[in-house]
Amino acid sequence: MKHFNKQAIINSIEATQTRNDLPVFRSGDTISVTTKFVEGVKTRIQKLTGVVIRVRGSGLNKNFILRRETSGVWSEITYNLNSPLIVEINVIKQGKVRRNYISYMRGRSGKTARIKQATTKRSLTD
């Protein structure tokens with residue numbers, strides 16, 4: 001009876017489905033996400049800009065929460081990083097935060113909701 005390494009099989013399948021064309025970003029960064037929206041038979045492309053509240057997971061299960069403001073109303077959208085509906089991600093500003101999950105931003109508005117900008121550029125492997 002031959003034994004298979006299940007994790008090696010899973011890793012080889014995941015390697016074909018993970019996306020390598022997206023930039024590296026962390027929580028606190030301001031990014032713009034271009035996504036495809038399917039409404040019935042029509043598809044449209046929409047660009048959303050906001051602050052990354054959390055990046056979580058690894059491999060195919062990696063996701064992030066984008067917090068954006070539209071006419072005074074805050075909304076949060078959770079995206080799967082490897083989703084085929086994400087067309088493009090651009091990093092606009094790199095923020096300087098100490099936490100991985102900046103949930104304290106939910107209670108803030110105006111000047112207190114600002115995030116300091118990182119003074120040095122982070123490397124792509126970070």
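**Entry 1: ground rules.** I take helices (H or I, at least four residues) and strands (E, at least two) as DSSP runs, numbered from the N terminus, and I call two strands paired if DSSP finds at least two bridges between them. This is a predicted model, where local features need pLDDT of at least 70, side-chain atom pairs count only at pLDDT 80 or more, and totals for chains, interfaces and linings use all residues. Residues are numbered from 1 along each chain as its sequence is written, and side-chain values use heavy atoms, with hydrogens and water left out.

**Entry 2: the sheet.** I began with strand β1 (residues 30-39), which pairs with strand β2 (residues 42-56) in the antiparallel sense over ten bridges. Two residues lie between these strands in their hairpin, and there I found G40 with a positive phi near 70°. I then saw that β1 also pairs with strand β5 (residues 86-93), again antiparallel, over six bridges.

Next I asked in what order the five strands of the open sheet come. I read β4-β3-β2-β1-β5, with antiparallel pairing. β4 (73-80) and β5 each have a single partner strand, so one side of each is left without a neighbour in the sheet. Neighbouring strands are turned by 40° against each other on average, direction ignored; for this, axes are lines fitted to C-alpha atoms, for helices over the stretch in contact, and angles run from 0 to 180 degrees between N-to-C directions.

Entry 3: Which residues stand opposite I31? In β2 I found G50, and in β5 I found V91. I also noted V33, whose bridge partner in β2 is L48.

I then listed contacts, meaning heavy atoms within 4.5 Å. Leaving aside neighbours within four places in sequence, I31 touches F25, L48, T49, G50, V52, F64, L66, I89, N90, V91 and I92.

**Entry 4: the cores.** A nonpolar core here is a set of buried Ala, Val, Leu, Ile, Met, Phe, Trp, Tyr and Cys residues joined through side-chain atoms within 4.5 Å. Buried means under 20% relative accessible area, exposed over 50%, and partly exposed in between (1.4 Å probe, protein chains only).

The largest core has 13 residues, and F25, I31, V33, F64, L66, Y79 and I89 touch the most other members. The elements giving two or more residues to this core are β1, β2, β3 (63-70) and β5. β2 gives the most, with three residues. Apart from this core I found another, of five residues, including I53, I65, I102 and M105.

**Entry 5: charged pairs.** Side chains of opposite charge can pair when their charged atoms come close. How many salt bridges does a search of the whole structure find? I counted four, taking a salt bridge as a side-chain nitrogen of Lys or Arg within 4 Å of a carboxyl oxygen of Asp or Glu.

- D21 pairs with R19, the closest N and O atoms being 3.3 Å apart. D21 is exposed, at 55% relative accessibility.
- E39 pairs with R44, with closest N and O atoms 3.1 Å apart. E39 is partly exposed at 45%, and R44 is partly exposed at 36%.
- R67 pairs with E76, with closest N and O atoms 3.0 Å apart. Is R67 buried or exposed? I found R67 buried, at 8% relative accessibility, while E76 is partly exposed at 31%. Salt bridges that share partners join R67, E76 and R106 into one network.
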